[in-house]
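Hi,

Here's the structure I said I'd pass along.

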Amino acid sequence: MPRFAGQSPTLVWFRDDLRLADNPALAAACRRDAPVVLLYVHDEESPEIRPLGGAALWWLHESLDNLGKRLGAGGRALILRRGAAEVVVPEVARASGAAAVYWNRRFGAAAALDERVAASMPGTGIVTASFEANFLFAPNAIRTAAGGTFQVFTAFRRALQEKGAPPRPLPAPASIPAGVPVRSDRIESLDLIPAGHDWTASIGDAWQPGEPAATAALAGFAARIDRYAAERDRLAADATSRLSPRLRFGEISPRQVWHAAAGTPESGARDTFLSELIWREFAWHLLDDRPDLAEANLKPAFDDFPWAETFADDIWAWRRGRTGYPIVDAGMRQLWATGWMHNRARMVAASFLVKHLLADWRIGEEWFWDTLVDAEPASNPVNWQWVAGSGPDAQPFFRIFNPVRQGERFDPDGAYVRRWVPELGRLPDAFIHKPWTAPDDVLEAAGVRLGATYPHPMIDHTKARRRALDAFATLKQRESAKKLAS
DNA sequence: TGAAATGTTGGGGCG
DNA sequence: ACGCCCCAACATTTC
């Protein structure tokens, strides 16, 4: 006989918060002195939820599997269901006899879905409650003096920091009162791991999803955060936190990350790292204001931008790391192999697509959405719009990375290129970022045949730069013509 | 969270 | 000694 047989259970609906520690919805449910029923819904039907990309689905599968096993009953304590949340959550609530449904609050389009789910409950007499868990502060709680949405990152950061330290993270519940048996789908039936993707194996070598590994990764990073200042841009160094997919799926919370960083000695590295965490908050702040962020230019002037005609072959070359620019190709291949790319390489690869190939940023955004394990509905499009210049507080369009220079600055010994573009591995450092400038005998000695073992640059940098600047100039012309007309 | 073009300065070679 | 040129090296401006 369960200890809490007389009490109606609490249903905890997990979403992008696959953790037991610092999980306010779970903690509150455990305090109710009633059985706790744990549910995850794989929702591919609700229009508010952007269908996950392939790499993220792989991560989700692994992280759910890990969470389920830790929750006990041979994984059956975590109920898995597939379907529209609006249908499934009330159904599981009824089936379990729950008196209450708890979840951690979401923002952006998903907030509207949660409201619909909550609205579908009252007739059944089931109460719902949501909790702040997945941000330092609720993204819509940071407002300008006039009550508006910030358009400039530094102003947003200042306003956020004026709130002081975010709440301290909660410990994991000492125990979770056992729930009642409810039918669960088998994790395999969620079809999270697409058959035939040849990259899932290599992603598996690169990552260990789940809260325990996430907690260890955070502790490990906090211990070496001093290296972050000097080495975070070094492509071959392992100086970044690599916490992004953990945050994406909520294996750790931003508050845990913030307090772990705040517990280290004061340093520039710490402040820089916290800024990156706040960029994530800023992206959600923007998404909450503009749910169409992944599709629409935030600067409307870019609606008239003369993107070049893009050819499938060119896009393929970019996606699969065959552009002929080693630093770009190394980044894109790291992405394809591991579901993750170093931040510096992301900027260079994204800049190359948007400015050298003059392709609409949405083409790149979709590819990153499909291949990154950490792609979030907010950060991914915000970062692409930042690169393209179409977003708030964006990089100016005329800031065009020179892929050779970026390689020489941030991968001076070519270790990153050699790791991900092994066919260039034997080139001397002097040519590793510009193989087309190497003398024939050097190429031959390194076993490189341009156009055969490794492509020629798909576009000349100087010409591409000129073309991008010209395209941007026409945009400005159109802008001023519009002003005159109006 | 650039890069390239242009401008300025100052040392050294040289007539 | 002097002016001149060249050209790094650095600074500023422009895209």
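A quick word on labels before the notes: helices here are DSSP runs of H or I with at least four residues, numbered from the N terminus. Also, keep in mind that this is a predicted model.

I'd start with His285, which sits in helix α11, spanning residues 268-289. Is His285 buried or exposed? With 28 other C-beta atoms within 10 Å, against a cut-off of 20 or more, it counts as buried. If you skip its neighbours within four places in sequence, His285 is in contact with Pro139, Ile142, Thr149, Phe150 and Phe156. Take Thr149: 136 residues separate it from His285 in sequence, yet their C-alpha atoms are 7.3 Å apart in space.

α11 also turns up around helix α16 (residues 379-388). Ten of the ten residues in α16 are buried, so the rest of the structure largely encloses this helix. Among those buried residues are Asn380, Asn383 and Gln385, along with Trp384 and Trp386. The cover over them includes α11, α14 (343-356) and α15 (361-371). Just past the end of α16, Gly389 has a positive phi of about 90 degrees.

Then there's the nonpolar core. The largest one has 134 residues, and Leu11, Val12, Leu38, Leu39, Val89, Val101 and Ala349 have the most contacts inside it. α11 contributes the most to this core, with nine residues. As for Leu39, leaving out neighbours within four places in sequence, its contacts are Leu11, Val12, Trp13, Phe14, Ile79, Arg81 and Val92.

Cheers

Note on methods. Residues numbered from 1 in each chain as written. Chains lettered and ligands numbered in written order. Predicted model: local features only at pLDDT ≥ 70, side-chain atom pairs only at ≥ 80, totals over all residues. Helix = DSSP H or I, 4+ residues; strand = E, 2+ residues; numbered from the N terminus. Buried ≥ 20, exposed ≤ 12 C-beta atoms within 10 Å, placed from the backbone. Contact = placed C-beta atoms within 7 Å. Core = buried A, V, L, I, M, F, W, Y, C linked by C-beta atoms within 7 Å.
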